[in-house]
Amino acid sequence: MLKKIIITTLLLIVNTGIAFTQNYEPDEKLNISVYEKINPAIVAVDAQLSDGMSAGTGCIISKNGLILTGSHVVEGCENVDITTYNGEVYKGKVIAIMDQNKDLALIKIEPKKQLKTATLGNSDDIKVGQKVLTIGNPFGFSGTMTQGIISRIDYVKKRIQTDAAINPGCSGGPLLNTSGEIIGINQSIYNPDKNISNIGIGFAIPINDAKFFISKEQNKF
């Protein structure tokens, strides 16, 4: 009898495919969906400077290897290494830098195959209170996702403020809406106590500024 019960149970598992499957909450499913969609288009950026190393994050925006990141990550660098989500490493070339007020840069790599790309959204549509996600490489921990909300929109300085955790190594990475579209490029954190870690006040450059920058530099790639 016991043998029959075991066989019946195993058949149920095989036929339904639902046994032992985690039941995720709707909010969890949304986070997982965005991560699995976007993470393959996120890279680690390691730049060799004359006085040391700089580490950040980048977003692949074309299948042939164009990457958007922050200018402070790569400005003045001698060499740039780009590491994709699956561990492939490429030599990168900085092809355009926007001024520090906007803190944007473009890097080009020559991939072995077409790459997954991120979708650029519309930062004119953002609202204070909406949920946002980030993916980056804080302190070298690649492919790290955090979540929060848009805390404030600084229309004068054209910056998006968020409480989603942004830490050293996340600069140049994406601020995402729940559709998985990039609505900002993570730039900096506010630390009045001079601590390098996140305290819940981070800033991102609106993606529409980045889109203008990309269109202006199109003749270089």
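Predicted model: local features only at pLDDT ≥ 70, side-chain atom pairs only at ≥ 80, totals over all residues.
Residues are numbered from 1 along each chain as its sequence is written, and side-chain values use heavy atoms, with hydrogens and water left out.

**Overall**

- The protein chain has 4 helices and 13 strands, taken as DSSP runs numbered from the N terminus (helices: H or I, at least four residues; strands: E, at least two).
- Of the 221 residues in the protein chain, 44% are buried; buried means under 20% relative accessible area, exposed over 50%, and partly exposed in between (1.4 Å probe, protein chains only).
- Among contacts (heavy atoms within 4.5 Å) with a separation of 6 or more, 60% are between residues 24 or more positions apart.

**Asp-103**

- Asp-103 sits in the loop between β5 (89-97) and β6 (105-108).
- The side chain of Asp-103 also makes a polar contact with the side chain of His-72, at 2.6 Å.
- Asp-103 is buried but has no salt bridge, and Arg-159, the nearest side chain of opposite charge, is 8.6 Å away; Lys and Arg count as positive and Asp and Glu as negative, whereas His and the chain ends are not counted.
- Setting aside neighbours within four places in sequence, Asp-103 is in contact with Thr-69, Gly-70, Ser-71, His-72, Gln-187 and Ile-205.

**Salt bridges**

- The structure holds 5 salt bridges, each being a side-chain nitrogen of Lys or Arg within 4 Å of a carboxyl oxygen of Asp or Glu.
- One of them joins the side chains of Lys-102 and Asp-209 (3.1 Å, N to O).
- This pair links distant parts of the chain, 107 residues apart, with Lys-102 in the loop between β5 and β6 and Asp-209 in helix α4; both Lys-102 and Asp-209 are buried.
- Glu-110 forms a salt bridge with Lys-108, with 3.4 Å between the closest N and O atoms.
- Glu-110 counts as exposed because its relative accessibility is 61%, while Lys-108 counts as buried at 15%.
- Arg-152 forms a salt bridge with Asp-154, and their closest N and O atoms are 3.7 Å apart.
- Arg-152 is partly exposed, at 39% relative accessibility, and Asp-154 is buried, at 11%.

**Largest pocket**

- The largest pocket contains about 240 Å³ of space; on a 1 Å grid over the protein atoms alone, a pocket is an open set of points where a 1.4 Å probe fits, with protein on both sides within 12 Å along at least five of seven lines.
- Grid points are joined across faces, edges and corners, and the volume is the space filled by probe spheres set on the points.
- Its lining comprises 13 residues, of which Ser-123, Asp-124, Ile-153, Tyr-155 and Pro-206 lie nearest the centre; lining residues have an atom within 4 Å of a point.
- β9 (144-154), β10 (159-162) and α4 (207-216) each contribute at least two residues to this lining.

**Thr-162 in β10**

- Thr-162 is placed in strand β10 and is buried, because its relative accessible area is 0%.
- A polar atom of the Thr-162 side chain lies 2.8 Å from the backbone oxygen of Ile-149.
- The backbone nitrogen of Ala-164 is 3.0 Å from a polar atom of the Thr-162 side chain.
- Not counting residues up to four places away in sequence, Thr-162 touches Val-132, Ile-149, Ser-151, Leu-175, Gly-200, Ile-201 and Gly-202.

- Lys-113 lies in the loop between β6 and β7 (119-120) and counts as exposed at 51% relative accessibility.
- Lys-113 touches Lys-63 and Glu-88, residues up to four places away in sequence not being counted.
- Ala-55 belongs to strand β2 (residues 52-60) and is partly exposed, with a relative accessible area of 43%.
- Ala-55 touches Val-45, Asp-46, Val-73 and Gly-169, not counting residues up to four places away in sequence.
- Ala-55 and Pro-138, 83 residues apart in sequence, are separated by 9.0 Å from C-alpha to C-alpha.

Technical notes: Polar contact = N/O pair within 3.5 Å; in protein donor to acceptor, adjacent residues only side chain to side chain.
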